[in-house]
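Here's a quick briefing for anyone meeting this structure for the first time. Have a look at the sequence and the model, then read on.

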Protein chains: 6
Amino acid sequence: MKGYAGDPMKISARNHVPGTVKSIKKGPVNTEVILGLEGGAEIVSVITTYSAERLGLKEGAKVFAIMKASEVMIGVD
Amino acid sequence: MKGYAGDPMKISARNHVPGTVKSIKKGPVNTEVILGLEGGAEIVSVITTYSAERLGLKEGAKVFAIMKASEVMIGVD
Amino acid sequence: MKGYAGDPMKISARNHVPGTVKSIKKGPVNTEVILGLEGGAEIVSVITTYSAERLGLKEGAKVFAIMKASEVMIGVD
Amino acid sequence: MKGYAGDPMKISARNHVPGTVKSIKKGPVNTEVILGLEGGAEIVSVITTYSAERLGLKEGAKVFAIMKASEVMIGVD
Amino acid sequence: MKGYAGDPMKISARNHVPGTVKSIKKGPVNTEVILGLEGGAEIVSVITTYSAERLGLKEGAKVFAIMKASEVMIGVD
Amino acid sequence: MKGYAGDPMKISARNHVPGTVKSIKKGPVNTEVILGLEGGAEIVSVITTYSAERLGLKEGAKVFAIMKASEVMIGVD
């Protein structure tokens with residue numbers, strides 16, 4: 001599609017957390033991707049199936065979890 | 001900060017709408033950026049002031065409005 | 001449902017970008033809608049299938065992409 | 001701004017919860033609005049100061065809290 | 001998964017609106033949950049099917065709708 | 001406020017990433033919190049100043065970054 005060349009760019013989202021794709025679960029519209037972080041924690045992402053295919057995501061791939069700072073909440077035990 | 005090298009990358013966000021920075025209004029934590037689109041419409045973005053400075057945003061710059069598809073609603077007159 | 005009369009109202013979301021529905025892809029819970037903007041760019045929205053049906057969305061319809069300013073990121077090539 | 005006539009429209013956001021404005025706290029970019037619901041609960045919203053002024057929000061006004069279904073989480077005691 | 005023990009914690013999200021589960025509709029990736037509030041209004045939430053099962057959501061259960069203040073818009077008739 | 005007792009609860013948000021508060025920057029409405037993760041990466045959160053004070057956040061505190069899966073994008077180098 002126009003305006004989605006998938007060309008690399010710098011983005012304003014403050015969070016770029018490096019991780020490895022551990023699993024991918026596809027639905028008709030959305031796909032769930034689980035990343036393993038270096039310290040052992042995990043981050044789960046739900047993106048469109050279109051984008052998952054567009055990025056060619058595969059288990060074992062090195063990727064980043066990207067979140068806008070305003071989407072991140074803080075929890076305290 | 002670590003994990004925010006600002007290196008260009010491909011991202012899963014479906015929406016990459018090209019525009020030109022028309023105005024920038026900075027607050028202590030957040031900054032408001034208004035983009036003009038080709039057809040004459042505008043898109044307003046609020047990002048952290050840190051990111052606005054990190055990207056070196058200036059009036060007249062060619063940038064993209066990036067939105068996750070799940071954040072976009074539909075309105076009907 | 002109560003509180004969802006679908007009555008028109010003014011909303012605080014800063015972004016109301018006019019576009020035309022180019023395609024609709026329905027899943028059991030979510031539906032993907034692609035809008036064509038005047039300048040040729042596209043915006044993709046994922047809304048609930050319930051809302052897509054409630055609004056009576058059809059290809060060719062004139063609608064608006066509505067985004068809260070805090071959901072819009074900025075990307076730079 | 002263009003594309004923000006503030007004209008009433010129907011929107012896809014599933015949640016339209018009626019409430020009364022109890023307080024408004026303005027910052028340079030963002031404004032916090034607290035709504036009282038009928039059952040006694042409250043909903044807090046942070047919108048741009050521009051939108052708060054554009055809508056003419058005042059204490060005591062009858063308004064709606066509007067949330068996309070995908071933004072609402074569930075908590076269990 | 002690691003980091004998702006489901007242990008109770010206090011979170012920064014400003015909105016904790018009490019309600020009762022009225023219906024649950026499961027898709028392969030996402031699940032739609034409708035809550036009835038005390039005053040008669042409803043709130044609809046779309047969460048991952050994993051989380052819906054993890055929390056053991058059932059019709060009639062007393063839960064909370066949790067929203068970050070920055071996700072809540074204001075609408076005016 | 002009612003409905004914000006700050007009582008601990010289990011929430012549907014899939015992501016609970018443990019980290020340590022490295023810095024806190026307060027504005028009139030919003031506050032920026034930077035967490036250090038175990039592997040060395042960082043996560044930045046913007047929450048309301050009210051919530052930051054309500055949770056009693058301090059540098060060095062052990063907390064969790066909480067994100068809904070639908071808010072997490074994937075980036076590829």
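D:K22 is partly exposed, with a relative accessible area of 43% (buried is under 20%, exposed over 50% and partly exposed in between, using a 1.4 Å probe and protein chains only). Its salt-bridge partner is D:E42, at 2.7 Å from N to O, and D:E42 is buried at 9%. Keep in mind that this is a predicted model, where local features need pLDDT of at least 70 and side-chain atom pairs count only at pLDDT 80 or more, while totals for chains, interfaces and linings use all residues. Residues are numbered from 1 along each chain as its sequence is written, chains are lettered from A and ligands numbered from 1 in the order in which they are written, and side-chain values use heavy atoms, leaving out hydrogens and water.

**Salt bridges**

- Across all chains, the structure holds 18 salt bridges (a side-chain nitrogen of Lys or Arg within 4 Å of a carboxyl oxygen of Asp or Glu).
- The D:K22 and D:E42 pair ties together distant parts of the chain, 20 residues apart: D:K22 is in strand β2 of chain D and D:E42 in strand β4 (residues 42-48).
- Helices (H or I, at least four residues) and strands (E, at least two) are DSSP runs, numbered from the N terminus.
- Over in chain B, B:E53 forms a salt bridge with B:K26, and the closest N and O atoms are 3.4 Å apart. Here helix α1 (residues 49-54) holds B:E53 and strand β2 (residues 15-26) holds B:K26, 27 residues apart.
- D:R14 and E:E32 also meet through their side chains, at 3.2 Å from N to O. This pair crosses between chains, from the loop between β1 (10-11) and β2 (15-26) of chain D to strand β3 (residues 30-36) of chain E.

**A sheet built from several chains**

- One open sheet has six strands with antiparallel pairing, in the order β1(E)-β6(A)-β5(F)-β2(F)-β3(F)-β4(F) (two strands pair if DSSP finds at least two bridges between them).
- At the edges stand β1 (10-11) of chain E and β4 (42-48) of chain F, each with a single partner strand, so one side of each has no neighbour in the sheet.
- Strand β6 (residues 73-76) of chain A and strand β5 (residues 62-67) of chain F run antiparallel, joined by three bridges. In this pairing, A:M73 has F:I66 as its bridge partner.

**Strand β6 of chain C**

- C:M73 and C:G75 point one way from β6 (residues 73-76), C:I74 and C:V76 point the other way, and all are buried.
- Strand β1 (residues 10-11) of chain A pairs with β6(C) in the antiparallel sense over two bridges, with C:V76 as the bridge partner of A:K10.
- Strand β5 (residues 62-67) of chain B is also paired antiparallel with β6(C), over three bridges, and B:F64 stands opposite C:G75.

**How chains A and F relate**

- The same surface serves both copies, as 100% of the contact residues of chain F recur in chain A (contact means heavy atoms within 4.5 Å).
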